[in-house]
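Open the model in your viewer and keep the selection tool ready. The tour goes from one selection to the next.

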Amino acid sequence: MRKQMAILTSGLLAALSWGQSSTVKVEKGVTPVYQSQLLRHEAEIDDIIKGMTLEEKIDMLHGKNMFSSAGVPRLGIADVEYADGPFGIREEMEPHSWNSAHLTTDSATFFPTGSALAATWSTEWAYAYGRGMSREARLRGKDMILGPAINIQRIPTGGRTYEYLSEDPILSGMLAIAYTKGAQDDGTAVCLKHYALNNQEDFRGFVDVRISDRAMHEIYLRPFEMAVREADAWGVMAAYNKVNGRWCSENQILLTTILRQQWGFPGMVISDWGGVHSTVDAVTAGMNVEMPGSRFMGQALLDSVKAGKVSETVINQRVREILRVRLTVKPIAKEVANTKPVGNAEEMATALEVARRSIVLLKNEKVLPIDTKKVKRIAVIGENAVTKMALGGVGAGVKTRCEITPLEGLQTLLDNQVKLTYAPGYKSYDRQSRNKHLNPIQPADRELMAEAVEAAKNADLVIFFAGDNREVETEGSDRKSITLPSGQDELAAALAKANKRLVTIIVSGGPVDVSSVSDVSAALVASWFNGSMGGQALAEVLTGAISPSGKLPMTWPKKLEDVPAYAMGTYPQTVENNTEGDIFVDITRNRSNERRQQLIAEYAEQDLVGYRWYEQKHVTPAYPFGYGLSYATFDYSALNVKPTTDGFDVCFTLSNTSDRDAEEVAQVYVAGKIKELKGFQRVALKAGERKAVTIPIRRSDLCHWDETTQTWRLEPDDVTILVGGSSDHLPLTSKQTLR
């Protein structure tokens with residue numbers, strides 16, 4: 001299967017072409033850098049719009065069902081069907097509710113979530129991931145995937161950190177380009193979300209983000225710009241929050257000035273569910289479809305046009321943008337959708353390959369890989385060893401036909417070699433069965449801990465599965481701390497006292513406080529919410545079938561007070577007047593989502609997000625951005641930086657100095673006023689092999705946003721180019737001058 005996937009993927013990746021450009025005219029004053037496929041049907045669209053009634057036009061601008069918006073049956077224009085969410089196609093719902101339709105044909109592959117994909121640092125596998133999502137979307141009759149989710153991870157406690165990719169815009173942007181191309185080359189539109197600055201879940205429905213233009217463009221908008229301008233993304237979802245005083249769904253600067261005029265986006269913008277707040281402002285700012293209902297862009301919009309408050313020219317333009325996508329994406333007949341099995345071998349193989357490359361080895365004192373000649377009894381401790389992560393919490397999940405748990409993966413690989421003993425050790429947090437005000441941070445369960453300690457005493461090795469689950473990390477609310485839940489720190493200490501050969505596996509979507517467990521563990525591994533095949537991938541890494549090669553896509557802090565938003569006191573916000581609740585939860589329960597209090601999220605740290613902050617403030621994290629160990633060892637040498645017309649070619653030699661085949665992620669940073677990631681490449685090396693590697697650094701990625709001219713500009717500067725395997729280990733350096 002792995003060989004078949006390699007052959008398949010190499011063929012697919014031949015289609016990738018980074019940075020190629022062609023100029024076309026979209027609208028007055030717009031010069032995009034790509035030839036958009038959406039512009040191939042303009043004459044046909046002219047004729048369609050001429051033949052439509054005003055009522056038919058308005059009907060296209062709001063939800064028809066929970067996950068569809070209307071076409072024009074009279075003219076043969078199919079509805080647009082949306083697939084929720086970014087890491088697996090959600091099960092079918094009843095037309096006008098969040099209740100399951102209870103079909104037997106709507107399962108799907110649970111792909112590793114966003115942070116896991118980002119930990120691969122692999123554009124090749126991001127492309128395969130997007131293609132796999134599209135293949136399953138097509139079988140399910142979907143036209144547009146509500147993803148990828150590419151907001152910057154500003155705070156480690158963010159409820160959707162597991163969905164998002166990275167704290168860095170270049171890593172997020174390059175992976176977003178690949179995911180987008182993979183999906184759209186296969187025929188399914190993406191919907192980049194959440195545009196823009198949806199970096200917290202607490203109070204996302206009424207928080208107002210205040211930020212400078214420069215920081216907004218360079219950090220938070222950059223992944224969106226890259227996916228639009230370089231991958232021709234066909235859809236964008238407007239976020240719930242405000243930005244600089246205006247809701248994203250009616251923000252003229254975001255939706256028109258930046259998205260359509262500066263970037264040349266010709267596609268369609270849909271709202272987040274329940275995220276529209278006006279009629280005239282939303283449609284004139286650039287909103288195409290209100291989801292999932294018609295409160296503002298149904299009868300109210302029709303009345304506004306008839307009253308002369310909205311020009312029919314504006315309506316025609318919004319319809320045109322939808323039709324561009326509709327005529328580009330081939331509709332699937334309703335009688336064909338959901339008739340063939342989903343979650344097939346090819347997509348499961350992609351999920352496995354991504355999971356294999358995502359696992360990050362954080363610490364290893366010679367206990368991994370497991371030596372089955374010496375280890376004959378293993379105690380597997382922790383509910384996360386048996387907990388499935390495809391579903392849980394608020395928001396999108398996946399009804400998958402298969403999810404291999406870590407314990408199942410170990411049982412399969414170690415069968416007849418090692419005796420495995422399992423003990424839960426703790427009881428995982430479950431918001432459905434507990435009072436909603438109960439904090440996941442609870443003391444250890446004495447009875448369960450005693451049972452786990454007894455198992456540890458009688459083992460040659462202890463594998464402790466700690467971390468969060470999908471109830472702790474969830475859409476709609478942020479974590480209140482990064483402390484391990486359910487008394488896991490206390491349990492880890494007790495296990496280590498019973499057996500010093502303790503391997504701790506962190507199952508989570510984002511950073512947790514590992515200060516205690518790291519001190520008592522001989523090895524520490526981050527395994528994420530890693531999809532249908534995650535248990536197999538983890539077992540292969542632990543047993544040495546493959547060498548770990550994941551790298552952290554975000555900084556893991558020692559404590560929350562070190563995180564820039566916390567350090568500067570701008571998060572969490574102070575809430576008054578009983579404003580508890582979430583906009584998404586409110587609309588699902590038919591409650592008003594109006595809030596009296598307007599909260600301000602001041603992005604006072606500006607562009608010092610993630611590792612930039614730690615570098616500038618000389619704060620040492622628990623584990624830095626880009627970090628990840630291997631069973632192999634690598635040597636970087638012979639750096640040669642060659643100026644090109646488009647930037648620099650960074651050339652060097654990478655050697656595998658071990659007796660193991662392995663993959664390494666080489667990273668290139670440019671340090672001027674601050675040090676920033678500017679390029680990376682995953683390199684496969686056989687034992688003892690050396691390769692010449694070239695990583696291009698593009699001029700466009702060296703520019704800064706000029707707030708006066710509202711354009712990208714290269715600032716002349718003397719910089720240092722640094723190359724290595726982590727943001728804190730960059731052995732190769734070269735001085736260069738930007739001109």
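This is a predicted model: local features need pLDDT of at least 70, side-chain atom pairs count only at pLDDT 80 or more; totals for chains, interfaces and linings use all residues.

Residues are numbered from 1 along each chain as its sequence is written, and side-chain values use heavy atoms, without hydrogens and water.

Select helices H5 (residues 123–139) and H13 (residues 345–358). Helices (H or I, at least four residues) and strands (E, at least two) are DSSP runs, numbered from the N terminus. The axes, lines fitted to C-alpha atoms over the stretch in contact, are 10 Å apart and at an angle of about 150°. H5 and H13 are therefore roughly antiparallel (over 145 degrees). In contact (heavy atoms within 4.5 Å), H5 residues including Trp125, Tyr129 and Arg135 meet H13 residues including Glu346, Thr350 and Arg357.

Next, select H16 (residues 488–498). Gln488, Leu491, Ala492, Leu495 and Ala496 are its buried residues, buried being under 20% relative accessible area and exposed over 50% (1.4 Å probe, protein chains only). Their arc, taken from the directions from the helix axis to the C-beta atoms, is only 135°, so they sit on the same side of H16. Their cover includes helix H15 (446–457) and strand E16 (502–507).

Finish at leucine 197, where phi is positive, near 60°. Leucine 197 is buried, at 2% relative accessibility.

Note on methods:
Axes are lines fitted to C-alpha atoms, for helices over the stretch in contact, and angles run from 0 to 180 degrees between N-to-C directions. Angles under 35 degrees count as roughly parallel, over 145 as roughly antiparallel, 65 to 115 as roughly perpendicular and the rest as oblique.
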